[in-house]
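Q: Please go through this structure with me and say what each label rests on.

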Amino acid sequence: MANRAKKKKNVKNKSKDWLMDYYQTGREWEKDNRRRREEAGETEHKGLKNLNTFEKTCIVIIILGIILFVVKVFVLGHSITAPGI
């Protein structure tokens with residue numbers, strides 16, 4: 001009975017707040033950088049030339065993961081659902 005009388009805690013999701021702040025700050029920086037480039041008359045490159053080093057690193061990691069997955073499943077003959085490597 002004593003447990004029912006306790007008041008529930010309001011839990012704040014700090015990681016969500018941190019990620020949203022990081023995302024919104026990045027968007028503001030990107031808007032400022034685009035505005036400065038337009039004022040300076042620079043042309044914006046499309047495609048992979050416009051990515052920063054973090055984004056390029058993420059793409060490399062994803063590609064390596066896909067290659068290793070293909071090697072595991074098709075070359076080594078392991079099942080997708082089999083435990084272990």
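A: The protein chain exposes about 8700 Å². Carbon and sulfur atoms supply 61% of that area. Accessible areas come from the Shrake-Rupley method with a 1.4 Å probe, and for residues only the protein chains shown count as cover. This is a predicted model: local features need pLDDT of at least 70, side-chain atom pairs count only at pLDDT 80 or more, and totals for chains, interfaces and linings use all residues. Residues are numbered from 1 along each chain as its sequence is written, and side-chain values use heavy atoms, with hydrogens and water left out.

Q: What share of the protein chain counts as buried?
A: Of its 85 residues, 1%. Buried means under 20% relative accessible area, exposed means over 50%, and partly exposed lies in between (1.4 Å probe, protein chains only).

Q: What secondary structure does the protein chain have?
A: It has three helices and zero strands. Along the sequence the pattern is α-α-α. Helices are DSSP runs of H or I with at least four residues, strands are E runs of at least two, and numbering starts at the N terminus.

Q: What span should α3 have at 1.5 Å a residue?
A: Its 23 residues should span 33 Å, and the end C-alpha atoms are 32 Å apart, so the two agree.

Q: Why is the contact between R34 and E30 called a salt bridge?
A: The term needs a side-chain nitrogen of Lys or Arg within 4 Å of a carboxyl oxygen of Asp or Glu. The closest N and O atoms of R34 and E30 are 3.5 Å apart, so the pair qualifies. The two residues are four apart in helix α2, so about one helical turn separates them. R34 is partly exposed at 40% relative accessible area, and E30 is partly exposed at 31%.

Q: What makes R37 and E30 a salt bridge?
A: Their closest N and O atoms are 3.6 Å apart. R37, at 21% relative accessibility, counts as partly exposed.

Q: How do you know that E39 pairs with R35?
A: Their closest N and O atoms are 3.3 Å apart. They too lie four residues apart in helix α2, about one helical turn. R35 is partly exposed at 40%, whereas E39 is exposed at 59%. Through shared partners, salt bridges join E30, R34 and R37 into one network. The whole structure has three salt bridges.

Q: How much space lies in the largest pocket?
A: About 540 Å³. Of its 15 lining residues, G26, R27, E30, N52 and E55 are the closest to its centre. A pocket is an open set of points on a 1 Å grid over the protein atoms alone, where a 1.4 Å probe fits and protein lies on both sides within 12 Å along at least five of seven lines; lining residues have an atom within 4 Å of a point. Its volume is the space filled by probe spheres set on the points.

Q: Which helices supply at least two residues of the lining?
A: α2 (14-40) and α3 (53-75). α2 gives the most, with ten residues.

Q: What makes up the lining by class?
A: Five nonpolar, five polar and five charged residues. Asp, Glu, Lys and Arg count as charged; Ala, Val, Leu, Ile, Met, Phe, Trp, Tyr, Cys and Pro as nonpolar; the others, Gly among them, as polar.

Definitions and conventions
Expected span 1.5 Å × (residues − 1).
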